[in-house]
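Q: Could you show me how to read a few features of a protein model, one step at a time?

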Amino acid sequence: MMQGGGPPIYRSLVNDGSAKRTSLPPGTVRRIAGYARPHWRSIAFFLLATSVSSGIVVANPLLLKAIIDRGVSQQDTSLVTVLAVGVALLAVFEAALGLTSRWLSSRIGEGVIYMLRTQVFRHVQRMPLAFFTRTQTGSLISRLNTDVVGAQRAITSVLQSVVSNLISAVAVITTMALLSWQITLIALLLVPLFVLPAKFIGRKVANISRDGMDLNAEMSSLMTERFNVGGAMLVKLYGRPEEEADAFAGRAARVRDIGVAQAVFGGLLFTLIGLITSLATAVVYGVGGNLVIGGAFQLGTLVAMTTLLTRLYAPITALSNVHVEVMTALVSFDRVFEVLDLKPMIEDRPDARDLPAGPLGVEFDGVSFRYPTAEEASLDSLELTPQAESAADTQVLSDVSFTAEPGQLVALVGPSGAGKTTMTHLVSRLYDPLSGQVRIGGEDLRDVKSQSLRDAVGVVTQDPQLFHETVGDNLRYARPGAGDAELIEAMRAAQLEGLLANLPDGLDTMVGDRGYRLSGGEKQRLAIARLLLKAPSVVVLDEATAHLDSESEAAVQEALRTALVGRTSLVIAHRLATVREADLILVLEDGRILERGTHEELLREGGLYTALYRTQFASQEKDAQGTAASRV
Ligand SMILES: Nc1ncnc2c1ncn2[C@@H]1O[C@H](COP(=O)(O)OP(=O)(O)OP(=O)(O)O)[C@@H](O)[C@H]1O
């Protein structure tokens, strides 16, 4: 967590206390004002419209009073007609005003949401990979949805409820006092009777609705994880749909229960206001009726007073809870700021340079590395089970040095967990080394513009990612302007002619979520075609080990051969053919280079490589010989 180095105050969203905080970091309000500033014209009009419409709540009762006292009592039919038309016009004016302020408030609110959303999206994209490996996607998405919307409420509803309720309450009380101070006094004496319970209920409703937000986030996290293809497949393969359904039912039940609680407490508040208003009306009719009989004031005043009364308690109740509402909304803003304040760990320096053109070599110079801890890379509240981690014993690479000359093929081999993938992450600068330098074309990657690096380095992982778009769109991700002929040429070079002929809509065929409609080998070859279109100087490749039959494997090998020609390549090698062709093999164990050399040199040494060769590669040699023999 990158917040000012303080203790991690935020916990997982599931038990997330942060949504219920009652204090905010200094400067939050000023920062929010920054978001409101571009909309100041709309806000000014909105406040004007709200003030006018709150002010005229008293006009209607006063007109009623005039109709009764001056019109009906004096039997002045034309006055009655004029005043009735006045009441009607006022209603139309009020409706128009209501619509206008609704329009203005939604413009302001949606404008703020838009600004926050686009800012957060941009920012989250700049976060290091470590952020995404640690963050629960569901929590992040719910933070961006629920809290961004909550933040919008800070600007509109709260603004509206504070301004309109305050003006309404003042206008109603003043008018009532002018009409009859005795009845006003009685009405006000009743206020504490319901304000105190209403305050309690209001706080309870706010807490419940924040709990509801968290529970909803928990539920959607589960859905996001289980309903992507990988999750769905895991559930099926392990035959766990019943358990999953039960787990989901448990979460959904909590959402249901909290929904009921929310409705009951919300309803209680309304009922309380309704009840107190009815009680007060009874008292006012009782006392006021006697005052009318005694001649203290006229019947119209009594009617006006009771009408005003119905407009008194709702604003007062709302105002008594407004700080809870404001706080909830401000906390939402703060939770969005929390994400915006995470510092991207990898950013271009102001004086960053482009990589030189032409073939580029790759060098590791005394590189040590450990993966960033939660504190450094993420936000506790976005992880499911944040835990304290010690960075001390997690060093993944120690003092790694080697040089791949331009055009050379360097193969990485070693037992699982040795640090091979990590080395490839450093070449594409998904992470920066802890110490030492990674250089491409002689430039330390920390001094290079990231766009230039992305153009120069192409990566094909074991299980390449494809977007849920067409084959053509997935390929064009590497070169947006590429024409169909270029795409077809790249597919041909990647041994995908057969696939292209079989695709029902050719390049316009959808690949399915994450490419699940394609076979493993086809996916890898499509990723190679994408790489060919990008035509990078440096290729980083993780050879697929699994799910390839021998035909598909041969096709992938052939595609790779095309892809690697003339390029500096760093390959996590699982195939004999690759290690044999490599100009340099690095044998890694526990993050250190244990041995280095060519295939023959290393076999002569008789060390770890020889052992690996026996377990991993020798069987391929036998297979190859077997196939050759059977062909003969
Ligand atoms: N994102 C991560 N955060 C923390 N530790 C990680 C992360 N990724 C990998 N590691 C750890 O770093 C070490 C090296 O992992 P790496 O993936 O580089 O190994 P590898 O040699 O590629 O293994 P394999 O052949 O099994 O893919 C392992 O101990 C692993 O647990």
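Predicted model: local features only at pLDDT ≥ 70, side-chain atom pairs only at ≥ 80, totals over all residues.

Q: What is the strand order of the open sheet?

A: Strands of a sheet pair through backbone hydrogen bonds, either parallel or antiparallel. Helices (H or I, at least four residues) and strands (E, at least two) are DSSP runs, numbered from the N terminus, and two strands pair if DSSP finds at least two bridges between them. Here 6 strands form an open sheet in the order β6-β7-β8-β3-β9-β10, with mixed pairing. At the edges are β6 and β10 (592-597), each pairing on one side only.

Q: How many bridges join β6 to β7?

A: There are 4, and β6 runs parallel to β7 (residues 538-542). Gly-458 has Val-539 of β7 as its bridge partner. On to β8 (residues 568-572): 5 bridges link this strand with β7, again in parallel, and Asp-542 stands opposite Ile-572 in β8.

Q: Which way do the residues of β6 point?

A: In a regular strand the side chains alternate between the two faces of the sheet. In β6 (residues 457-460), Val-457 and Val-459 point one way, Gly-458 and Val-460 the other, and all are buried. Buried stands for 20 or more other C-beta atoms within 10 Å of the residue's own, exposed for 12 or fewer, and partly exposed for anything in between, with C-beta atoms placed from the backbone.

Q: Why does Ile-108 count as buried?

A: Ile-108, in helix α4 (residues 77-125), counts as buried because 25 C-beta neighbours lie inside 10 Å. Contact means C-beta atoms, placed from the backbone, within 7 Å. Beyond neighbours within four places in sequence, Ile-108 is in contact with His-39, Ser-42, Ile-43, Phe-46, Ile-155 and Thr-156.

Q: At what angle do α11 and α13 cross?

A: Axes are lines fitted to C-alpha atoms, for helices over the stretch in contact, and angles run from 0 to 180 degrees between N-to-C directions. The axes of α11 (residues 241-293) and α13 (residues 313-320) come within 10 Å and cross at roughly 140 degrees. The contact involves Ile-273, Ile-276 and Thr-277 of α11 with Tyr-313, Ala-314 and Thr-317 of α13.

Technical notes: Residues numbered from 1 in each chain as written. Contact = placed C-beta atoms within 7 Å.
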